[in-house]
Amino acid sequence: MQIQNILIIGSGAMGAQIGMVCALAGYRTTLQDVSGEALEQALKQLEARMSRDVEKGRRTRAEADDALGRLSFTTLLPDAAAWADLVIEAATEKLHIKQEVFRTLDAHAPAHAILTTNSSTYGSSKVAEVTGRAEKVCNLHFFNPALVMACVEVVRHEQTSDETVQTVMDLARSLGKEPVLLNREIPGFVANRLMGAIRDEALRLYADGIASYEDIDTAARTALGHPMGPFELMDLVGLDVSYLIRQATYEETGDENELPHPELARLYRAGNYGKKTGEGWYRYTADGAKTPKTLKTAAR
Ligand code: 3HC
């Protein structure tokens, strides 16, 4: 199947950068969000990111402008769905919202359109079941920051057709990504399960007062060669995202071990979501630079 037009639902950190990845690869791409303000914010951030790339010689001004020219923005989901060959849903990690989106997509997208979700919490069977095209639905999961990270996970559910899997794997390669195929659904997929194991241990070490979160991050970077430590990574991904994923996984599995760690819940309830709110485990200046907080060990 020939894909020309891609629709991204949700213009948060993930949706916006996924849209830019598609536009850079030559696809006509629409970013849809219920909030016009969020769309404006996304455009500003993407323009700044492209200008930075031009400054650094990573791409020419013409390449950046051409890609930005292939991006359009809308709040109207049915209109945007009507011309999409492939959709990537990157809305908030709440199942009822995703199902509502998929219902609308199924009603308005052309019959040939493939509908994917960027969710790593919900296997796509959960959204496929509200559509009449389950064979054309799968997960297409990107990593933050999507413009940089090469991996995408393609996850099929029982009814996803081979043709859909093939088209989505080919699409991922055409975006310059390295797709990993999961043959069946499992909460967290592969990469987040690996990351979750490290994060759980890091939170335990911190909460038990064994080491400060700064030192645990340092160990991950300097002993294991990770590009950033687990606390820095939570701040980058968003503590709200990390919290909601764990909460949803708990609701999916009923396993109390999956509940968000109390230290994570404490920051979530305080509205400290990480880099995007200027404070999480660390504090951030307006230009995104990290400054440690004075609190070095867990409150006991
Ligand atoms: N958006 C786009 N590009 C970014 C970026 C961002 N937020 N942050 C960094 N970059 C790019 C820029 O090109 C930057 O160079 P520039 O500042 O000169 O323009 C370049 O990366 C290098 O950045 P830095 O010098 O600031 O820092 P690093 O060398 O440490 O690289 C990183 C930043 C790529 C984010 C790297 O630290 C990294 O790979 N971290 C791990 C990220 C990770 O594990 N992601 C997975 C998260 S899990 C997930 O997303 C799943 C979901 O389901 C929760």
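Arg-246 and Glu-258 form a salt bridge, with their closest N and O atoms 3.8 Å apart. Arg-246 sits in helix α11 and Glu-258 in the loop between α11 and α12 (262-269), so this pair ties together parts that are twelve residues apart in sequence. The model is a predicted one, and the structure holds 19 salt bridges.

**Salt bridges**

- Because Lys-126 lies in helix α6 (residues 125-128) and Glu-252 in helix α11 (residues 239-253), the pair ties together parts that are 126 residues apart in sequence.
- Lys-126 is partly exposed, with 26% relative accessibility, and Glu-252 is partly exposed as well, with 34%.
- Asp-53 and Arg-59 make a salt bridge in which the closest N and O atoms are 3.0 Å apart.
- Asp-53 is buried at 6% relative accessible area, whereas Arg-59 is partly exposed at 23%.
- A network of salt bridges links Asp-53, Arg-58 and Arg-59.

**Aromatic rings**

- A pair of aromatic rings is described by the distance of the centres and the angle of the planes.
- The structure has nine aromatic pairs.
- Tyr-206 and Tyr-213 are one of these pairs, edge-to-face, with 5.7 Å from centre to centre and 75° between the planes.
- Both Tyr-206 and Tyr-213 are buried.
- The ring centres of Tyr-268 and Tyr-273 are 5.6 Å apart and the planes stand at 20°, so this pair is stacked.
- Tyr-273 is partly exposed, with a relative accessibility of 24%.
- One aromatic cluster is made up of Tyr-206, Tyr-213, Phe-231, Trp-281 and Tyr-282.

**Positive patch on the surface**

- Arg-49, Arg-52, Lys-56 and Lys-275 gather on the surface as a patch of positive charge.
- Arg-49 belongs to helix α2 (residues 36-55) and is partly exposed, at 42% relative accessibility.

**A buried valine**

- Val-154 is found in strand β7 (residues 151-155), and its relative accessible area of 0% makes this residue buried.
- Between Val-154 and Val-168 there are 7.5 Å in space, C-alpha to C-alpha, and the two are 14 residues apart in sequence.

Technical notes
Residues numbered from 1 in each chain as written. Predicted model: local features only at pLDDT ≥ 70, side-chain atom pairs only at ≥ 80, totals over all residues. Heavy atoms only, no water. Patch = residues over 30% accessible without salt bridge, like charges linked within 9 Å, V, L, I, M, F, W, Y side chains within 5 Å. Areas by Shrake-Rupley, 256 points an atom, 1.4 Å probe, with all protein chains shown as cover. Salt bridge = Lys/Arg side-chain N within 4 Å of Asp/Glu carboxyl O. Lys, Arg positive; Asp, Glu negative; His and termini not counted. Charge placed at Lys NZ, Arg CZ, Asp CG, Glu CD. Helix = DSSP H or I, 4+ residues; strand = E, 2+ residues; numbered from the N terminus. Buried < 20%, exposed > 50% of the residue type's maximum accessible area, 1.4 Å probe, protein only. Phe/Tyr/Trp six-rings, centres within 6.5 Å; stacked < 30°, edge-to-face > 60°.
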